[in-house]
Amino acid sequence: MNYRRLFLIGVPYVWLLALFLVPFIIVLKISLSDIALAIPPYTPTLHLSDGWEGLKDFFSKLDFDNFLFLKSDPLYWKAYVSSLQIAILSTTITLLVGYPIAYGMARAPEEWRATLMMLVILPFWTSFLIRVYSWMGILGKEGFLNSALMWLGIVDEPLTILNTNTAVYIGIVYTYLPFMILPIYAALEKLDVSLLEAAEDLGCTRTTAFWLVTLPLSRPGIVAGCFLVFIPVIGEFVIPSLLGGSNTLMIGKILFEEFSSNRDWPVASAVAVLLLLIVVVPIVLFQRSQERQAEAQK
Amino acid sequence: MAQPAKTPVVFAPWEDETQKPVIQFKNVTKRFGNFTAIDNLSLDIFEREFFALLGPSGCGKTTIMRMLAGFEAATEGTILLGGKDISPVAPNKRPVNMMFQSYALFPHLSVWDNIAFGLRRSSMPKDEIGARVDEMLRLTRMEKFAKRKPHQISGGQRQRVALARSLAKAPKLLLLDEPLGALDKKLRHDTQFELMDIQEKTGTTFVIVTHDQEEAMTVASRVAVMDHGKLIQVATPAAIYETPNCVYVADFIGEVNLIEGNAKKVGADKYEVSWAEGQTALRGTCPREIADGTRVTYAVRPEKVAISADKPKDAANAVQGTVHDIAYLGNISTYHVMLPTGQIIKAQASNTRRLANRHFTWEDKVWLSFTDTAGVILTE
């Protein structure tokens, strides 16, 4: 009995330890190392055969130089700030687009809801990369959007959308919309319609009933949706590198460039560690809000 | 000095021609697609009444309530509230409040804020709102729980909060949709009396929807028995019970023995019903005129049927049978007596003696007797 429980708890712990904590410690260690023309491209490396002296020597060579470097070069903190900005703005847009969709789904006739849900999830059946690439086809100078606009006579010259921040926002909102819709839909679907009738009965108009009843009761869904979008968007790499331009500054892109183009693993690791710290704050906030929610429902 | 004789003031505005009803349904029909929920219904409800709509589920009672609240519009006919047609008035503008079956308390607001919700939508100044909410909390004895959220109080307390919230705006009319359905039996009984008390204190007109006949009988000044979107009978609980106007009502309210037969007039409002070969006809009462030979149903309540070992003298009706079954309910026993015709008649007797000293047991020959006023003759 006790062994079974230990086993059950042990499996996820070992999994997290092996696939999250250990790699993170390795990344943390690399972030404290120095760049070197070697394989692997950093120094020092740990040689356990040297015994105690080797270990002492190894730790003495670790330092925070890379983090100080991040501070000295404005490129990095600008990228962090820009990532945060893009994440906040795109989360807001996703919320504004997603909420009405979720609301419409929750208010749709019962027999339609499963189909509508299916339509929201359907894009996941196609590879994420292919979907982002197809946006290049839509947004490009000779893309579908511009051809359509020109054909309709709305614009005379093709709009420059691709390789700008606008394209990044479009890509992010498109990609992450289901993550916003689903939790909000779940919250709205649970909402008892008689609460709205009660609000109306007590003197609310439809609009005030929405602000006073529907919105506060869908808050858990809004919070969950926002975090599900915000956290991955901060570190987003594929969308800004495919749809964004040279002046789209996002930390995911910087990370990739440091890693593969510059082959500066220590600086790249430092960037990653700092990113994790930035993301951990909202994750903790999210967890706490979830806990409070669970507490309230007891 | 001669004191004027004290006559109890009977509350019966429906019998007073000068009284104006607060609610009037005039030939109201409501259809949902092909389904007719309310069928050409006319009804008057008076001020300060505690009016019960009683019927099986799907009979249209909830639809009537929702039309009064404004959530449904009548397909045909008009509904007047205080003499004015309310069809163009939106639910949030009607002087009508509703207590929902599920209570519909706002889960994100405290008890206090729930009760204040409606008041805050009105133009009432802040300090008056506070006073009114406190008054409502006192009325429903929920003062101690003002700061709690709905999920932190019991079902009975939630019910009281829902009542307080719907009464807070002092509506002209309070609608109660199966208000006690979620409570257990004991609590339901206590709450019924509380409801009556609160109704009397506030003087509000209450319309209650219920499928529980006992509840309707207990709380209401008048009961409307409904079926298939029509009113079958509208009368005081006593009148509904003692003089039902049709088999449906007699059968729906309480227990009843029903015997079919042919009527023959024997007195002013007295008839004889011959119901089986070789059996003496049953004498009963009917206020309406019935042609001789009409097929009728003779109805008599089990508690009005006396059971005895010997044939009772001067009983209007007496039939013999054997005890087929005995249902012991503690305070009373119901005897199922089989007549020679095979028909089962139920008779109730109080258990004034201990069970061991019971007069009758299974397979005993017994006489059942009842008066000609206890027997009601129904034509439908």
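**View 1. Chain B as a whole.** Of the 380 residues in chain B, 39% count as buried, where buried means that 20 or more other C-beta atoms lie within 10 Å of the residue's own, exposed means 12 or fewer, and partly exposed is in between, with C-beta atoms placed from the backbone. This is a predicted model, so to speak of local features takes pLDDT of at least 70 and side-chain atom pairs count only at pLDDT 80 or more, while totals for chains, interfaces and linings use all residues. Residues are numbered from 1 along each chain as its sequence is written, and chains are lettered from A and ligands numbered from 1 in the order in which they are written. Chain B has 8 helices and 20 strands; these are DSSP runs numbered from the N terminus, helices being H or I with at least four residues and strands being E with at least two. Along its principal axes, the C-alpha trace of chain B spans about 75 × 65 × 50 Å. Take the contacts in chain B between residues at least 6 apart in sequence: 65% of them join residues at least 24 apart. Contact here means that the C-beta atoms of two residues, placed from the backbone, lie within 7 Å.

**View 2. The mixed sheet of chain B.** Here 6 strands make an open sheet, ordered E6-E7-E8-E3-E9-E10, with mixed pairing. Two strands pair if DSSP finds at least two bridges between them. E6 (96–99) and E10 (230–235) of chain B sit at the edges with a single partner strand each, so one side of each has no neighbour in the sheet. Neighbouring strands of this sheet are turned by 20 degrees against each other on average, ignoring direction.

**View 3. Leu174(B) in strand E7.** Leu174(B) belongs to strand E7 of chain B. Leu174(B) counts as buried because it has 25 C-beta neighbours inside 10 Å. Leaving out residues up to four places away in sequence, Leu174(B) touches Asn97(B), Met99(B), Ser166(B), Leu167(B), Thr204(B) and Phe206(B). Val96(B) is 78 residues away from Leu174(B) along the chain, yet their C-alpha atoms are separated by 5.9 Å.

View 4. A set of 4 strands forms an open sheet in the order E2-E1-E4-E5, with antiparallel pairing. E2 (35–45) and E5 (84–85) of chain B are at the edges with a single partner strand each, so one side of each lacks a neighbour in the sheet. E1 (23–32) and E2 of chain B are joined over 7 bridges, and Ile23(B) has Ile45(B) in E2(B) as its bridge partner. H1(B) lies across E1, E2 and E4 (76–81) of chain B, at about 65 degrees to E2(B). H1 (61–69) of chain B also lies across E3, E6, E7, E8 and E9, running at about 145 degrees to E7(B). Axes are lines fitted to C-alpha atoms, for helices over the stretch in contact, and angles run from 0 to 180 degrees between N-to-C directions.

**View 5. Where chain A meets chain B.** The contact takes 14 residues from chain A and 16 residues from chain B. On the chain A side, H9 (193–201) and H10 (206–217) are the elements giving two or more residues, and H9(A) has the largest share, 6 residues.
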